[in-house]
Amino acid sequence: MATVFIPASTSAVLLDIEGTTTPITFVKDVLFPYIREHLEDYLSNHWEEDECKQDVQLLKKQLEEDIKHNRSCPVHTVDQTVHTDEEKAIREIVDNVLWQMAADRKSTALKQLQGHMWRSAYASGTIKGEIYQDVIPSIRRWKELGLKVYIYSSGSVEAQKLLFGFSVEGDVLDLFDGHFDTTLGAKVEGKSYERIAERIGCRPEEITFLTDVTRDHELTLTNRALHPEVLQDVQGLQPCVMGKV
């Protein structure tokens, strides 16, 4: 467990998800394998639907940007079992998504499609969002102290709401004052945190960001955007002691 000390100047707590509120194993061993296992069937079944078309278009746009900026791109192999234009197009999207996942990319296009796929899995009860046991008591304590609590994760806002709306603790969405994702910018970009502070409506120094990612911690510290706290070997959060750093 990690004991979290919140600076007395804090008015809002910004939480990461993976490794902070939720075990990394849930993402790596449950959420991602679900995508890999069901991706091709999902695309085939929803290919003509507007939402799926929008997801595909965003993925194609991301690929165009990668090519334009000479970034690494997925390599498509010839599949003799694929014959129709639709099958070929689906295979290209599957290759793209699996390549991005293998590269651990955090693109908005990838996260949007994943969120849409997880929606049905959560709604059916196939997946339930895992949360460390002491996270909810900690958040309730912060709320009692008058703090606002937000989520900022590379996962889409929809995926965040699914995790906390269909969690092992039940629907706990009412504990959060808002959600942010990479549509505001990547977690490795200082401007992202400035935009979040503006959206929240408080000064950057009044926000404490809790994450297990040292790189994100160093970024927020360098940009003086937030009070960053790194949770090493985190197993959830213990109720904080206000005014100690």
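Which residues of helix α7 (residues 190–200) are buried? In this predicted model, where local features need pLDDT of at least 70, side-chain atom pairs count only at pLDDT 80 or more, and totals for chains, interfaces and linings use all residues, the answer is Gly190, Ser192, Tyr193, Ile196, Ala197 and Ile200. Residues are numbered from 1 along each chain as its sequence is written, and side-chain values use heavy atoms, with hydrogens and water left out. Buried means under 20% relative accessible area, exposed over 50%, and partly exposed in between, with a 1.4 Å probe and protein chains only; helices (H or I, at least four residues) and strands (E, at least two) are DSSP runs, numbered from the N terminus.

After α7 comes Gly201, whose phi is positive, near 90 degrees.

Strand β2 (residues 12–15) has Ala12 and Leu14 pointing one way and Val13 and Leu15 the other way, and all are buried. In a regular strand the side chains alternate between the two faces of the sheet. Strands count as paired if DSSP finds at least two bridges between them; β2 pairs with strand β3 (residues 148–152) in the parallel sense over 4 bridges, and Leu15 stands opposite Ile151 in β3. β2 is also joined by 4 bridges to strand β5 (residues 207–211), again running parallel, with Ala12 opposite Ile207 in β5.

A nonpolar core is a set of buried Ala, Val, Leu, Ile, Met, Phe, Trp, Tyr and Cys residues joined through side-chain atoms within 4.5 Å. The largest one has 48 residues, and those with the most contacts inside it are Leu15, Leu43, Val97, Trp118, Trp142 and Phe176. Helix α1 (residues 24–46) gives the most to this core, with 9 residues. Apart from this core lies another, of 13 residues, among them Leu14, Tyr152, Ile200 and Ile207.

Contact means heavy atoms within 4.5 Å. Leaving aside neighbours within four places in sequence, Phe176 is in contact with Leu15, Ile139, Val149, Ile151 and Phe164.
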